[in-house]
Amino acid sequence: MDVLARYESLVDDYEAFLAACERPLPQAVRVNGIKASRPADEEDAVERVREAFADEGVEATPADWNPRVLRVDTDEPGNTWPYVHGWVHGQEEVSALPPVVLDPQPGEAVWDAAAAPGSKTTQVADLLDDRGLLVANDSNLGRLSALRSNAERLGVTNVAVTNQDARNFSLNPFEVDAFDRALVDAPCSCEGTIRKNPTVLDDWTQGHVESVAGIQKGILRRAVQATTPGGVVVYATCTFAPEENEAVLDHVLDREDCNVVDYEVGLETSPGITEWDGEQFDERVREAKRVYPHQNDTGGFFCAKLEVGE
Amino acid sequence: MSEDDPGADDDREDDPGADGGCENDPERFERLPATADERGVEGRATRQEVVDFWDERFGVPPETFEAFTFWEKGAGKVWALHGDAPSPIEVEALGMTFLRTRQEHWKPTTDAVQRFGRAATENVIELPREHARRFVAGEDLEPEWDGDWGYLIVAHELVGGLEPLGVGLFTYGTLQSMVPKGRRRDL
């Protein structure tokens, strides 16, 4: 089926949306302050990375909304000195959004519920200044090795990696009663990655969407429960499907003490939708943000910021 | 090469997952004792010994590691965690793989050297760019070096600073690249 046609009524400029979905994604890297910064001097990590790229003939242009994200004019950012040294991590621009919205503060305890392969985990570690307990969990043992190797190359030392089902995650191994913040970068149908994986929609089924949505609801509920009153939970997917986005928020708003709140980010976005396929959602899901590929020339994304009730 | 040659072990690739043959539960991390007086497990390195190793071998000041705790998982693999955790703790990974102990010549990991090696003042060999390329590709080199044999921090100059690349094993005029297979690159 034509999966994207489901969204014709949601997108402001459907032709531009389709055209963007067919274009390959620009190459981007994220600057990793843990290794690119030199505490002893004042030089900015971003400038140091850009200079190192320039020495190799690679132009690196900071994104307007996040100067730590650089668009690079090479197809192989992995074969550069900044990569070898862990100064950068290859990461799609819009995927750098959830940790920014999470806004972790150095020293806090943070849970990344579905962490592998670790792009956002390592970004959270960087925002934490590599201080405080960062628990990176993934239920898929096979994907943990990618998480671990990314964390190590990027010099992360404040992470504990666990292999639990996030839906009934136990904090028992740790001396914390609750996390200050939690990130749910949920497993999803990945429709928004179509620019990177043109075949991603080939195996799309409504049944898979419904089944993954069930998992998402379980993980997000557990994240709200495991976060301290007043704490922040960020829910993100790389899909357009409302079943996996607003419907998940609606489900959790109905069952856990939390709220969806607005946030500022310098990207063009669309608000969360309150109606889909005959179903009405809690009005608060409007505060979530949808990112369509044509809006900022990125992949597709969904990101909501939740505050846990006091 | 002699029997106790530090290169004779099979951990040229510091794959943190390759814990074959260890006697401990591989998912159980235990904090290193502060000093030998507090040591409960035979052969386990102490925090003091670990900090002294970096200081004596590479001139990395002990205060570099003030905020870190050290953990052993499996036989001899020491991990560094920024902060602390209950000991023992059963998790998949805790901080970063840091140092291979329980062998005559302790060996830092590539990641530890990249993370902490900028503070090193001794046993650091600086390579020109072309040699640095070959080193990260996993090639052995024959550089000019009249310092100590054994594990060296290998570095090169990058945008105005000396930046550690990894660990090299220097013996008999040859610098063997210890860069793990998964980290090698053709630049």
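1. Domain 1 of chain A and domain 2 of chain A bury about 1800 Å² between them, and carbon and sulfur atoms carry 52% of that area. The model is a predicted one, and the points below should be read with that in mind. The domain assignment gives domain 1 of chain A in two stretches, 3-23 and 92-308, while domain 2 of chain A covers 26-91. Taken over C-alpha atoms, the centres of domain 1 of chain A and domain 2 of chain A are 24 Å apart.

2. On the contact between these two domains, 25 residues of domain 1 of chain A are in contact with 21 residues of domain 2 of chain A. The polar side of this interface comprises 18 residue pairs in polar contact, both residues of each pair having pLDDT of 80 or more. Three salt bridges are counted between domain 1 of chain A and domain 2 of chain A. A salt bridge is also listed for the side chains of Arg71(A) and Asp297(A), with an N to O distance of 3.8 Å, and a reader may wish to locate this pair by eye.

3. Which helices of chain A supply at least two residues each of the side of domain 1 that touches domain 2? They are helix 5 (97-102), helix 6 (119-127) and helix 7 (141-153) of chain A. Helix 6 of chain A provides the largest share of that side of domain 1, namely six residues. Sorted by class, the side of domain 1 of chain A that touches domain 2 of chain A consists of eight nonpolar, nine polar and eight charged residues.

4. Turning to chain B, its 187 residues include 53% that are buried. Chain B has three helices and eleven strands, and from the N terminus on its elements follow the order β-α-β-β-β-β-β-β-α-β-α-β-β-β. Among the contacts in chain B with a separation of 6 or more, 59% are accounted for by residues 24 or more positions apart.

5. Chain B is likewise assigned two domains, with domain 1 of chain B at 28-117 and domain 2 of chain B at 123-183. Their centres, taken over C-alpha atoms, are separated by 23 Å, and the contact draws twelve residues from domain 1 of chain B and 15 residues from domain 2 of chain B. Between them, domain 1 of chain B and domain 2 of chain B bury about 1200 Å², with 56% of that area on carbon and sulfur atoms. Within domain 1 of chain B, the residues that lose the most area to domain 2 of chain B are Arg57(B), Phe58(B) and Thr110(B), which together give 45% of what that side buries.

6. The interface between the two domains of chain B holds two salt bridges and six residue pairs in polar contact, both residues at pLDDT 80 or more. Helix 1 (47-58), strand 7 (107-108) and helix 2 (110-116) of chain B are the elements that give two or more residues to the side of domain 1 of chain B that touches domain 2 of chain B. Of these, helix 2 of chain B gives the most, with four residues. That side of domain 1 of chain B divides by class into four nonpolar, five polar and three charged residues. A salt bridge is listed for the side chains of Asp111(B) and Arg183(B), at 2.5 Å from N to O.

7. What area is buried between chain B and chain A? The area is about 3100 Å², of which 56% comes from carbon and sulfur atoms. In this interface, 38 residues of chain B are in contact with 37 residues of chain A. The rule finds one salt bridge across the interface of chain B and chain A; Asp130(A) forms a salt bridge with Arg115(B), the closest N and O atoms being 2.4 Å apart. Polar contacts across the interface of chain B and chain A amount to 19 residue pairs, both residues at pLDDT 80 or more.

8. Several elements of chain B supply at least two residues each of the side that touches chain A, including strand 3 (77-82), strand 6 (96-100), helix 3 (129-136) and strand 9 (150-158). Strand 10 of chain B gives the most to this side, with five residues. By class, the side of chain B that touches chain A has 20 nonpolar, seven polar and eleven charged residues.

Key: Residues are numbered from 1 along each chain as its sequence is written. Chains are lettered from A and ligands numbered from 1 in the order in which they are written. This is a predicted model: local features need pLDDT of at least 70, side-chain atom pairs count only at pLDDT 80 or more; totals for chains, interfaces and linings use all residues. Side-chain values use heavy atoms; hydrogens and water are left out. Domain bounds come from an automatic or database domain assignment. Contact means heavy atoms within 4.5 Å. Buried area is the accessible area (1.4 Å probe) that two parts lose on being put together, summed over both. A salt bridge is a side-chain nitrogen of Lys or Arg within 4 Å of a carboxyl oxygen of Asp or Glu. A polar contact is a pair of N or O atoms within 3.5 Å; within protein, one must be able to donate a hydrogen and the other to accept it, and residues adjacent in sequence count only if both atoms are side-chain atoms. Ala, Val, Leu, Ile, Met, Phe, Trp, Tyr, Cys and Pro count as nonpolar, Asp, Glu, Lys and Arg as charged, and the others, Gly among them, as polar. Buried means under 20% relative accessible area, exposed over 50%, partly exposed in between (1.4 Å probe, protein chains only).
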